[in-house]
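Thanks for coming, everyone. I have one structure to walk through today. Please look at it first, then I'll talk.

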Amino acid sequence: MEDPIVETWNIHNRIHLYILQAIPEEALAAIISPKGRNVYTLFAHIHNVRLMWLKSAAPEMLETQAKLETKTIGTKEQLSAALIESGEVISSLLTKSISNGGTIKGFKPHVTAFLGYLIAHESHHRGQIEWALKSSGFPLSDTVSYGLWEWGVR
């Protein structure tokens with residue numbers, strides 16, 4: 001059985017992929033305000049912050065990871081691959097931390113709080129993504145909007 005902390009992280013990451021799959025490619029350029037981040041950049045930021053934590057907490061896990069460029073808009077395929085890869089490595093970091101007494105190097109107080117921190121940070125940006133989509137004429141369907149909350153099936 002998967003540890004509940006790791007399982008919670010994996011569900012959370014699949015929610016990102018669920019949203020990404022549901023939006024059209026042209027929606028990656030959607031933006032809330034002229035000086036704000038577009039949808040692509042928000043997803044890329046989520047991935048890149050994960051790598052920042054890996055650099056601090058477990059640099060040996062960072063070797064196979066690459067930051068996403070945020071100056072240009074890439075593709076859904078690039079975002080999906082990056083989120084899957086960084087999600088799996090964060091999952092490994094959580095597993096490693098749990099087996100080593102629940103500490104995360106560079107983060108206090110413990111692995112459960114680290115999970116909460118990651119989910120809070122990424123969910124904040126997921127809200128920005130949804131807002132940018134809606135305000136740019138690419139609202140998520142009701143099925144997807146309600147599906148975000150169906151953690152038991154994601």
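**Salt bridges, cores and helix ends**

Arg154 and Glu150 form a salt bridge, with the closest N and O atoms 3.1 Å apart. By salt bridge I mean a side-chain nitrogen of Lys or Arg within 4 Å of a carboxyl oxygen of Asp or Glu. Glu150 is partly exposed, at 38% relative accessibility. My scale for that: buried is under 20% relative accessible area, exposed is over 50%, and partly exposed is in between, using a 1.4 Å probe and protein chains only.

Some ground rules. This is a predicted model, where local features need pLDDT of at least 70 and side-chain atom pairs count only at pLDDT 80 or more, while totals for chains, interfaces and linings use all residues. Residues are numbered from 1 along each chain as its sequence is written, and side-chain values use heavy atoms, with hydrogens and water left out.

How many salt bridges does the rule give? The count is three. Take Arg50 with Glu122: their closest N and O atoms are 2.8 Å apart. Arg50 sits in helix α2 (residues 39-57) and Glu122 in helix α4 (residues 111-135), so this pair ties together parts 72 residues apart in sequence. Helices here are DSSP runs of H or I, at least four residues, and strands are runs of E, at least two, numbered from the N terminus. Are these two partners buried or exposed? Arg50 is buried, and Glu122 is buried too.

Next, Lys96 and Glu60. Their side chains meet in a salt bridge at 2.6 Å, N to O. This pair also links distant parts of the chain: Lys96 is in helix α3 (residues 76-99), Glu60 is in the loop between α2 and α3, and they are 36 residues apart. Lys96 is partly exposed, at 33% relative accessible area. Glu60 is partly exposed as well, at 42%.

Now the nonpolar cores. A core is a set of buried Ala, Val, Leu, Ile, Met, Phe, Trp, Tyr and Cys residues joined through side-chain atoms within 4.5 Å. The largest one has 25 residues, and Ile23, Val39, Phe43, Leu79 and Leu133 have the most contacts inside it. Helices α1 (4-22), α2, α3 and α4 each supply at least two of its residues. Which helix gives the largest share? That is α2, with six residues.

Look at Phe43. Setting aside neighbours within four places in sequence, Phe43 is in contact (heavy atoms within 4.5 Å) with His16, Ile19, Leu20, Ile23, Leu79, Leu83 and Ile129. There is also a second, separate core of 21 residues, including Trp53, Leu94, Phe107 and Ile119.

Back to α2. Of its 19 residues, 16 are buried, so this helix is mostly covered. Its N-terminal end is capped by Asn38, where a side-chain oxygen lies 3.1 Å from the backbone nitrogen of Tyr40.

Last stop, the start of the chain. Asp3 is in the segment before α1. Asp3 is partly exposed, with a relative accessible area of 28%. A polar atom of the Asp3 side chain lies 2.8 Å from the backbone nitrogen of Ile5. The C-alpha atoms of Asp3 and Ile98 are separated by 8.7 Å, though the two residues are 95 apart along the chain. Asn10 is in helix α1. It is buried, at 18%. Leaving out residues up to four places away in sequence, Asn10 touches Glu2 and Ser91.

Notes. Polar contact = N/O pair within 3.5 Å; in protein donor to acceptor, adjacent residues only side chain to side chain.
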